[in-house]
Amino acid sequence: MSAKSFVVVTGGAGFIGSHTVDRLLERGCNVAVLDNFSTGKRENLAQWAESDSLEVVAADISDGIFAALADLEERWGKVERIVHLAAQTSVVHSIENPLNDVRNNYTGTVQVLEYARRKGVRKVVFASSAAVYGDVSTLPVREDAPCNPLSPYGIDKLGSEYWLRYQSSIFGMDSQPLRFFNVYGPRQDPRSPYSGVISIFSDRASAGKELRIFGDGAQTRDFVYVGDVSRAILLALFAEGGTGEAANIGTGNETSVNELAALINEFCGGRSTISHAAARDGEILRSVADVNRARELFSFDAKIVLRDGLKTTVASLQG
Ligand code: NAD
Ligand code: UD1
């Protein structure tokens with residue numbers, strides 16, 4: 001039986017998940033990825049094809065994860081920690097298909113936590129979202145602000161956070177929900193209509209195609225680079241304790257969609273025209289993180305500024 005930490009990453013073949021797996025393997029962990037490949041891709045993990053420390057298991061978390069991990073428990077022993085990232089990630093899709101969101105994002109979380117409880121997993125880190133807040137009156141938004149989610153996605157993330165807190169207080173399991181703001185960087189798939197705005201704009205601007213802004217473009221987001229986010233996940237995962245109190249993961253900087261479009265267009269040679277379409281339903285108008293709690297709890301500060309992160313992202317799409 002291996003003495004290395006055995007870490008499960010749900011959604012590990014996805015965008016944030018694959019960067020997290022890179023860091024865990026570099027740290028010397030045994031890593032099991034559970035993924036249904038709805039948006040994730042095996043090629044995101046192809047760099048580890050020869051590694052004995054990574055196993056990728058095709059599994060849908062909403063059906064439960066006991067069977068998917070049984071063989072690996074015999075090989076690597078008890079699961080020590082879980083990074084739970086598997087989810088459908090689109091706010092728009094959750095409004096159109098709420099039951100699908102409940103199945104993947106709420107039932108899926110409870111299934112993962114039920115495994116953690118029954119198996120005595122030491123710590124669970126969960127990908128929550130800034131979408132739990134809805135529109136807030138005071139910015140930057142602190143974790144103790146009232147939560148009024150504007151979408152099924154935000155509701156299911158908030159409900160999941162309560163499950164982590166419940167399991168920590170009743171069963172003593174350490175847990176850490178992380179409220180990611182808008183994550184961007186290499187490996188974010190640009191080709192789905194539900195992709196993150198930076199991957200869509202970078203892909204289109206690289207080809208000189210029109211950039212379409214929903215609404216007047218004055219809405220703001222806190223864009224945080226995936227390398228910072230994966231670093232935050234590991235800091236939280238290996239920090240002592242964790243009561244289930246959420247922590248924001250952002251930069252503390254606010255950028256409007258108009259500014260973003262102009263910046264990406266500039267990096268790509270300025271060939272795209274910019275148009276406006278109707279605003280999205282469930283759209284949050286302003287979003288920016290207060291970043292103090294993550295600093296206090298597990299010494300995390302984002303390091304990559306938007307201009308640098310955008311350059312790397314655009315280069316990865318062009319390369
Ligand atoms: P992603 O779509 O690349 O990753 C999600 C992964 O989960 C994919 O590999 C997908 O195949 C897998 N998956 C989905 N449903 C599953 C299921 N039922 N069973 C097993 N696997 C399943 O998206 P991402 O941006 O890497 O998101 C990772 C997590 O971070 C998600 O929980 C998302 O809600 C959260 N998050 C992302 C952002 C962002 O800006 N990207 C912001 C806030 C929160
Ligand atoms: C994103 C994440 C969500 C996460 C949330 C946290 C994705 C797909 N969604 O949601 O998982 O929980 O951040 O804050 O990564 N826009 C355009 N034109 C486009 C695409 C988008 O103008 O072609 C605008 C949107 O209207 C929105 C902004 O860009 O105002 C960001 O949109 P998007 O990247 O889809 O992210 P969120 O909805 O904020």
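Trainee: Are aspartate 228 and arginine 231 buried or exposed in this structure?

Mentor: In this predicted model, aspartate 228 and arginine 231 are both buried. That word requires a relative accessible area under 20%.

Trainee: What makes the contact between the side chains of aspartate 228 and arginine 231 a salt bridge?

Mentor: The distance from N to O is 2.9 Å. The cut-off for a salt bridge is 4 Å, between a side-chain nitrogen of Lys or Arg and a carboxyl oxygen of Asp or Glu, so the name applies. The two residues stand three apart in helix 7 (residues 226-238), which means that about one helical turn separates them.

Trainee: How do you know that arginine 179 and glutamate 161 form a salt bridge?

Mentor: Their side chains come to 2.7 Å, N to O, and the limit is 4 Å. Arginine 179 belongs to strand 6 (residues 174-180) and glutamate 161 to helix 5, so this pair links distant parts of the chain, 18 residues apart.

Trainee: Why are arginine 179 and glutamate 161 called buried?

Mentor: Arginine 179 has a relative accessible area of 3%, and glutamate 161 has 2%. Buried means under 20%, so both values meet the condition.

Trainee: What do the side chains of aspartate 60 and arginine 103 form?

Mentor: They meet in a salt bridge, with 3.6 Å from N to O. Aspartate 60 lies in the loop between strand 3 (54-58) and helix 2 (66-76), while arginine 103 is in helix 4 (residues 98-119); the pair therefore ties together parts 43 residues apart in sequence. A network of salt bridges links Asp60, Asp63 and Arg103. By the rule applied here, the model has 17 salt bridges.

Trainee: Why is arginine 103 called partly exposed?

Mentor: Its relative accessible area is 37%.

Trainee: What makes the pair of histidine 84 and threonine 109 a polar contact?

Mentor: The contact between the two side chains is 3.0 Å, and a polar contact has its N or O atoms within 3.5 Å. Histidine 84 lies in strand 4 (residues 81-84). With a relative accessible area of 2%, histidine 84 is buried.

Trainee: Which residues are closest to ligand 2?

Mentor: Of the 23 residues that surround ligand 2, the closest are Thr89, Ser129, Tyr153, Val197 and Glu283. An N or O atom in the side chain of tyrosine 153 is 2.7 Å from an oxygen atom of ligand 2. Ligand 2 alone exposes 730 Å², of which the protein buries 90%.

Terms used. Residues numbered from 1 in each chain as written. Chains lettered and ligands numbered in written order. Predicted model: local features only at pLDDT ≥ 70, side-chain atom pairs only at ≥ 80, totals over all residues. Heavy atoms only, no water. Near = heavy atom within 4 Å. Polar contact = N/O pair within 3.5 Å; in protein donor to acceptor, adjacent residues only side chain to side chain. Areas by Shrake-Rupley, 256 points an atom, 1.4 Å probe, with all protein chains shown as cover. Helix = DSSP H or I, 4+ residues; strand = E, 2+ residues; numbered from the N terminus. Buried < 20%, exposed > 50% of the residue type's maximum accessible area, 1.4 Å probe, protein only.
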